[in-house]
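Please look through the sequence and the model below, and then follow the paragraphs that come after them.

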Amino acid sequence: LLLVAAAPRGAVGQTTLYSEDFEAYSVGTTDPGDGSWAIDVSDTDIAASEDYFEVREDNSDLVFEAQDLDGDAIWKTQPIDLSAVSSSENSFSIFFEEVGDMEDDDFIDVEYSTDGGDSFTLIEDWDGASTGNTLNGNFDSETVTQDNLSGTLVVRVTMDNNSGTETFRMDDVEVTSSTTDPIVQFTSKSE
């Protein structure tokens, strides 16, 4: 006896290709040690103890935070090869939150590259502010997403704020692959 079970056409399967929730690091981490992400703070003025771009704790959850940068600070993923994934849809998502009273010149830009980091595409006006930035000023919290990706993906996040009372938080960076192909499972049973 041979039993065949198939999921309905259009059933979605999901595979996580990259995931970063910052829980594996200690407070103050600026380098993961394994190359999974990197930062560049060369265009900032991180000078005082309340200025930082690093892993921090927020209500017992570890997140990546930016405070009082006074210039562009960059966080980016390692290159993620999407070419080997036979999928109808590859996407990424990142959760952001702002705390404090942001001004119009406080921003987060999310960019992505599908050629390994040679060129980047900016996700503009996610918050609807029409500033040319992804997120700008007081936006509370947002999850920024982008789909229909292929090639070798690099996600780059640029943040800038300018006060010790202004904080950007980033968490739950995920790159996933979904498929709508039927899932077929074979089970054999003999009597």
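A nonpolar core is a set of buried Ala, Val, Leu, Ile, Met, Phe, Trp, Tyr and Cys residues that are joined through side-chain atoms within 4.5 Å. Keep this in mind while reading what follows, and remember that this is a predicted model.

The chain has zero helices and 15 strands, and of its 191 residues, 39% are buried. The chain exposes about 9,700 Å², of which 42% is supplied by carbon and sulfur atoms.

In soluble globular proteins, nonpolar side chains tend to be buried together. Here, the largest nonpolar core holds 34 residues, and those with the most contacts inside it are Trp75, Phe92, Phe96, Val110, Met159 and Met170. At least two residues of this core come from each of strand 4 (52-58), strand 5 (61-67), strand 6 (72-77), strand 8 (89-99), strand 9 (107-113), strand 13 (152-160) and strand 14 (167-179). Which residues does Trp75 contact, leaving aside its neighbours within four places in sequence? Its partners include Tyr18, Phe22, Trp37, Phe53, Phe64, Val155, Arg156, Met170 and Val173.

The confidence of the prediction should be kept in view as well. The chain averages a pLDDT of 88, and 85% of the residues score at least 70, but pLDDT stays under 50 over residues 1-11 and also over residues 182-191. Beyond four places in sequence, the model has 24 contacts for residues 1-11 and 19 for residues 182-191. Where pLDDT is low, the predicted coordinates should not be read in detail.

Conventions: Residues numbered from 1 in each chain as written. Predicted model: local features only at pLDDT ≥ 70, side-chain atom pairs only at ≥ 80, totals over all residues. Heavy atoms only, no water. Buried < 20%, exposed > 50% of the residue type's maximum accessible area, 1.4 Å probe, protein only. Helix = DSSP H or I, 4+ residues; strand = E, 2+ residues; numbered from the N terminus. Contact = heavy atoms within 4.5 Å. pLDDT = per-residue confidence, 0-100. Areas by Shrake-Rupley, 256 points an atom, 1.4 Å probe, with all protein chains shown as cover.
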